[in-house]
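Welcome, and thanks for taking a look. Here is a short tour of how some parts of this assembly pack together and of what surrounds its ligand.

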Amino acid sequence: MTAPPGATLSELRECVTAAHHERKRLRLRGAGTKDFYGECVVGEPVAGDALDLRSYRGIVDYEPSELVLTARCGTALSEIETALAERGQFLAFEPPAFGGDPTIGGVIAAGLSGPRRMYAGAARDFVLGATLLDARGEVLRFGGQVMKNVAGFDVSRLLCGSLGILGIITEVSLKVLPMPRAEETLRFPLSAQEAVAAFNRWSGQPLPISGAAWCEGAAYLRLSGAASAVRTAKEGLGGERVEATSAAQWWNALRHCSHPIFNNSSIWRLSLPDTTAPLTLPGELLIDWGGALRWYASEDRDPDAQNVDVRAAASAAGGTAICWRGPAPSTGRFHPLQPAVAELHRRLKERFDPHGIFNPGRMIAGL
Amino acid sequence: MRQHDVAAALRQLLPADSVLSRDEELHPYECDGLTAFRQIPMLVVLPRTEEEVRQVLVTCRRLEVPVVARGSGTGLSGGATPHASGVLLSLARLNKILEIDALARIARLQPGVRNLQVSDAAAPHGLYYAPDPSSQIACSIGGNVAENSGGVHCLKYGLTVHNVLGIRGYTMEGELLELGSRAPDRPGLDLLALAIGSEGLLMVVTEVIVKLVPRPQLARVVMASFADVCEAGNAVAAIIAAGIIPAGLEMMDRKATAAVEPFVQAGYDLAAEAILLAEADGTPEEVADQIAEIEGVLSTAGATAMTVSNTEAERLRFWSGRKNAFPAAGRVSPDYYCMDGTIPRKNLGPMLKAIEAMETRYGLRCMNVFHAGDGNLHPLILFDANTPGEWERADRFGAEILELCVRLGGTITGEHGVGIEKINSMCVQFSEAERAAFFAVKAAFDPAGLLNPGKAIPTLARCAEYGKMHVRGGALPHSDLPRF
Ligand SMILES: Cc1cc2nc3c(=O)[nH]c(=O)nc-3n(C[C@H](O)[C@H](O)[C@H](O)COP(=O)(O)OP(=O)(O)OC[C@H]3O[C@@H](n4cnc5c(N)ncnc54)[C@H](O)[C@@H]3O)c2cc1C
């Protein structure tokens with residue numbers, strides 16, 4: 001199913017209310033760059049008719065001096081980034097595009113952030129407001145277009161990362177930031193262990209860090225900000241300067257998951273406290289987010305054996321593990337939730353989408 | 001008697017000095033920072049441990065007693081106003097800093113720890129906790145989480161929601177919830193973001209993990225005078241448009257500077273219609289560059305005078321007036337009523353003009369201090385509660401400001417919360433379906449509806465009533481009766 005070209009909100013509402021009454025399941029879809037992402041039965045696509053939301057598109061409002069951009073869910077990320085770049089601004093959470101051109105609705109529904117996440121903030125930190133089309137066809141506006149807003153529960157941030165299970169995010173207002181005036185990347189030959197230690201040491205100093213990653217014996221540190229701040233920091237840190245084009249390539253490869261290690265068939269994504277020493281897990285390691293994000297990539301592994309190892313290791317370190325690629329283990333792609341938290345997911349789902357029409361099973365099996 | 005039974009049940013679980021029931025003991029808890037609303041609670045309970053908190057909740061749930069959590073009671077929207085037949089649950093005794101991990105740049109705190117204590121404890125490591133509400137000497141971190149509090153530096157460093165990594169606490173059912181963690185971006189719905197700013201309606205927070213950030217090497221502030229409030233408002237937008245994000249960007253109008261100057265001797269230009277304070281922080285070179293840039297933008301925007309702080313003492317002096325604006329209001333007027341709307345920055349000037357017109361209409365003075373960089377306004381309406389009719393006028397004046405905030409594309413509260421104070425204005429900002437969604441969220445966490453009931457979200461009936469009062473335009477029926 002595709003929303004009609006240039007769909008209006010009322011046409012989307014019709015699609016949704018019809019589905020709600022017929023109890024027909026809908027698989028919400030933007031550009032499909034994240035079709036791989038989410039919980040689903042091994043070898044089967046997520047249940048439901050695909051509802052293509054790309055036709056509900058367009059930047060609704062953008063005022064650079066307000067640092068706010070509002071767009072409909074189907075707007076292409078590239079369109080937004082181009083509009084921002086024209087005014088010297090950008091989305092500081094560096095959403096991944098996975099080699100395609102995702103819609104902003106998909107970006108927010110997935111809630112994924114790039115290399116700047118620990119320094120500028122995560123996708124949800126930039127959400128100022130969102131409009132939700134729920135299963136009953138109600139159009140609900142939460143948050144707004146201002147920097148500070150504590151009226152009502154913060155449902156707009158709840159929607160960020162909700163994977164469409166609560167309804168269609170039809171519109172979002174995002175905080176945008178001026179692009180940094182200067183940027184430099186430094187390279188340091190370090191072991192993974194040394195890199196994690198160095199990242200944490202550096203992060204405790206007033207340095208303009210905007211990225212810290214490691215792969216194959218080298219740590220990369222990105223500095224962004226005022227030219228003078230970047231210059232002073234660079235002089236104090238040492239390391240080898242990475243030429244601008246290759247630096248941009250490196251950070252883009254991390255942001256969009258296009259680094260060669262992503263060619264492996266089995267990939268785990270671990271989120272850990274950033275001080276965690278490298279875990280002894282098989283596969284190639286890529287560290288991002290100053291140590292808080294660890295990718296382990298390899299070929300052909302027994303998923304259930306992996307599940308035990310990787311999940312247990314991540315949990316023991318106080319973190320979580322997502323099976324990013326490769327056959328999902330029996331406990332699911334996503335790290336299982338604490339029972340009380342899982343129960344809250346069920347209750348919230350029940351209230352926003354009582355018949356379970358939106359993205360069934362995409363976040364949690366059976367929900 | 002109900003009070004006796006509930007007290008007896010709680011005294012079986014907690015030491016005698018943790019359950020207060022005598023009138024003179026209850027009295028100090030009758031209000032928070034919103035002193036216009038007072039209510040003696042049935043009981044006050046002061047647990048010392050997380051387990052005691054859980055037991056209090058389980059017992060109150062079983063006996064169907066409403067519970068209102070309280071941190072330091074500095075809230076300005078009546079979020080911690082007690083419930084007449086409920087337990088006021090003070091978290092003040094859970095006041096330990098459990099852990100400071102300098103390498104990981106985090107602090108693990110009990111909810112009763114005061115905001116400033118965190119930065120003090122982190123200072124030896126060159127770190128601090130960024131959100132700095134003006135009440136930071138007194139307000140608790142649990143209260144900050146419940147209100148999603150901000151401060152003068154949140155334009156650059158974010159609000160509470162951007163600086164809290166995880167929380168632990170209990171639902172009214174006594175279920176332990178751990179939301180967020182030291183590891184970022186846990187899978188599942190972002191319940192941490194939902195819980196922050198939930199005004200004590202969803203859970204009682206018993207532990208908070210916050211992010212600590214390195215203290216910048218240097219900070220300097222530019223103080224600029226303007227002959228017109230609209231010009232000052234436009235100057236704020238011009239700074240942002242120039243690609244500058246100052247560490248702080250605040251505005252005070254002439255009435256505000258006149259009130260604070262005798263009090264703190266900050267050296268404000270009393271002839272100016274408005275002054276702006278714009279702070280730059282970072283390395284010495286970076287600060288020098290940014291200050292020069294800010295000065296350039298401000299002079300083009302029409303600043304009539306500018307002074308830059310040359311020493312740390314001078315910087316603090318420039319800020320002292322802004323930080324003491326509320327107490328200063330208390331000195332120039334018997335009572336003041338602090339509003340907290342947010343609007344798009346471009347509307348700052350028109351908003352100030354509109355407030356000026358309202359002053360005449362309501363016959364009350366209003367001084368304005370703004371977190372201008374975020375568009376967050378704190379008009380302080382001055383009144384005397386002992387003069388009949390003045391509080392009612394102040395209340396209506398405030399409601400009109402908030403409605404204008406909504407019309408100008410903003411919100412009724414930027415950082416102080418809805419509580420009971422702004423509950424009617426919620427009817428203006430949110431539709432019936434949106435309010436129903438809020439109740440649905442509430443019910444998911446607290447099906448029995450016993451945690452801080454009657455706050456933050458107005459019922460349908462209440463909005464209908466408010467709507468009726470509204471059409472009669474200003475002249476409220478029964479203005480002698482308490483409206484809340
Ligand atoms: C002079 C002055 C200046 C101020 N300046 C600012 C400012 O600059 N920025 C700003 O944002 N605010 C400001 N405030 C408002 C106030 O200080 C903040 O809202 C603060 O976060 C409240 O903290 P508290 O500990 O006093 O909370 P309380 O007033 O005790 O409670 C506030 C709310 O939080 C809930 N609560 C408290 N503790 C918990 C817990 N552990 N678990 C669950 N719920 C809980 C209560 O039920 C209530 O709803 C100011 C207040 C004053 C008096």
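## Domains 2 and 3 of chain A

Between them, domain 2 of chain A and domain 3 of chain A bury about 1,000 Å², and 64% of that area is on carbon and sulfur atoms. On the domain 2 side, the residues that lose the most area to domain 3 of chain A are A:Val196, A:Asn200 and A:Trp214, which together make up 42% of what that side buries. Do keep in mind as you read that this is a predicted model.

In terms of residues, 12 from domain 2 of chain A are in contact with 14 from domain 3 of chain A. The centres of these two domains, taken over C-alpha atoms, are separated by 22 Å. For orientation, chain A is divided into domain 1 (9-178 + 346-352), domain 2 (182-255) and domain 3 (260-325).

## Domains 3 and 4 of chain B

Chain B is assigned four domains: domain 1 (2-90), domain 2 (97-214), domain 3 (218-327) and domain 4 (333-474). The C-alpha centres of domain 3 of chain B and domain 4 of chain B are 28 Å apart.

Here 17 residues of domain 3 of chain B are in contact with 20 residues of domain 4 of chain B. The pair buries about 1,700 Å², with 66% of it on carbon and sulfur atoms.

## The ligand and its shell

Now for the ligand. There are 33 residues around it, and those that come nearest are B:Ala69, B:Gly71, B:Thr74, B:Ser135 and B:Ser140. By class, the shell divides into 12 nonpolar, 17 polar and 4 charged residues.

A nitrogen atom of the ligand is 3.0 Å from a polar backbone atom of B:Gly150. Taken alone, the ligand exposes 970 Å², of which the protein buries 94%.

Which elements of chain B give two or more residues to this shell? They are β3 (67-70), α5 (141-147) and β10 (204-211). The largest share, 5 residues, comes from α5(B).

Key
Residues are numbered from 1 along each chain as its sequence is written. Chains are lettered from A and ligands numbered from 1 in the order in which they are written. This is a predicted model: local features need pLDDT of at least 70, side-chain atom pairs count only at pLDDT 80 or more; totals for chains, interfaces and linings use all residues. Side-chain values use heavy atoms; hydrogens and water are left out. A residue is near a molecule or strand if one of its heavy atoms lies within 4 Å of it. A polar contact is a pair of N or O atoms within 3.5 Å; within protein, one must be able to donate a hydrogen and the other to accept it, and residues adjacent in sequence count only if both atoms are side-chain atoms. Accessible areas come from the Shrake-Rupley method with a 1.4 Å probe; for residues, only the protein chains shown count as cover. Helices (H or I, at least four residues) and strands (E, at least two) are DSSP runs, numbered from the N terminus. Ala, Val, Leu, Ile, Met, Phe, Trp, Tyr, Cys and Pro count as nonpolar, Asp, Glu, Lys and Arg as charged, and the others, Gly among them, as polar. Domain bounds come from an automatic or database domain assignment. Contact means heavy atoms within 4.5 Å. Buried area is the accessible area (1.4 Å probe) that two parts lose on being put together, summed over both.
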